[in-house]
Amino acid sequence: MKQYRTREGEATAVDTKTQLTTVGSDTAPGPLMVPKGMKFITGVIVSAIQNMAAATSSSSFIRVEGPGMLAGPQTLAAHAGGNQVATGGNFGQQAVFLPCTFEVVEAQEIQIFAEMAGTDIGQTGFVVTLVFSDTATNGAKPNKTITVEGDLATVDSRIALTTQGSVASPSLVVPSGMTMIDKIYVAAASEGLAAGNQQWFVRLGGNAVQGGEQVIAVGSSGVVLVQAGSDAAPQVVRPFVLEDVQIPVNAGDTISIWAEGAGVDTGTGRAVVTCLFA
């Protein structure tokens, strides 16, 4: 059996934790409580998009926390985007399903927060649905997360992702009891202020990762500059979801996460990466 609960709202300032508290016309839905009989969140449905009010780029993520989260707060990548111009743009963003297994406490409150990182792009709108279940999907082990983000200012340059929006130094220590990276969510985009094409990938390494550094392709961007005074299509990227990752890790050791754009520079890029451990 499953139950679905949704909240939505806007993040209007960069690196600022913003609670999502409304559901459209339902402006005061009250606390989001874990439904009766539910033991897990087995998925998060999210859609996020910038309002294209500034010629720059940003990334975004959500936080799921509160007394209803048995293992504490968890963070998930939501989107990355960039605008070549601030004079026009039009885009529709499909929601993405982020599979997960978070243990929850029945009849306790869960709060959903959203945050945009990077450079202030105007504002970013979010809609988030938590998928509750009475059983874990196919006997999946409970997950814990690490989410980091950062700016990719130069092509062909390894950039360590060490921040999490308003949290300047999030922990990069693999949580206790976790033995592998189970899933990865990544969104990367550029502002598009230079003509070119970039291929995005992430590197996972450090003492925590067994078998040496792992390099994973996540996406690409292409740009041709528009004529002066013309509008340009924005970049709006939902997370790339990689399941069944099965990279062994050492709990208690530090993981290093880098992002990189190869090819021909398209302007400053932004990347947000979530590792789900099991």
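I started at T101, which is buried at a relative accessible area of 2% (buried means under 20%, exposed over 50%, partly exposed in between, with a 1.4 Å probe and protein chains only). Before going on, I noted that this is a predicted model, where local features need pLDDT of at least 70, side-chain atom pairs count only at pLDDT 80 or more, and totals for chains, interfaces and linings use all residues. Residues are numbered from 1 along each chain as its sequence is written, and side-chain values use heavy atoms, with hydrogens and water left out.

T101 sits in strand β7 (strands are DSSP runs of E, at least two residues, numbered from the N terminus). I then listed what T101 touches beyond four places in sequence: F40, I41, A136, A140, K141, P142 and N143 (contact means heavy atoms within 4.5 Å).

Next I looked at β4, residues 40-50, where 9 of the 11 residues are buried. β4 runs antiparallel to β7 (residues 96-103), joined by 6 bridges (strands pair if DSSP finds at least two bridges between them). I41 has F102 as its bridge partner in β7. β4 also pairs with β9 (residues 124-133), antiparallel, over 10 bridges. On that side I found V46 opposite V128.

Last entry: V236, in strand β15 (residues 235-237). V236 is buried too, at 10% relative accessible area. Setting aside neighbours within four places in sequence, its contacts include A48, I49 and Q50, plus H79, A80 and G81. I checked G81 separately: V236 and G81 lie 155 residues apart in sequence, yet 4.4 Å apart C-alpha to C-alpha.

Technical notes. Helices (H or I, at least four residues) and strands (E, at least two) are DSSP runs, numbered from the N terminus.
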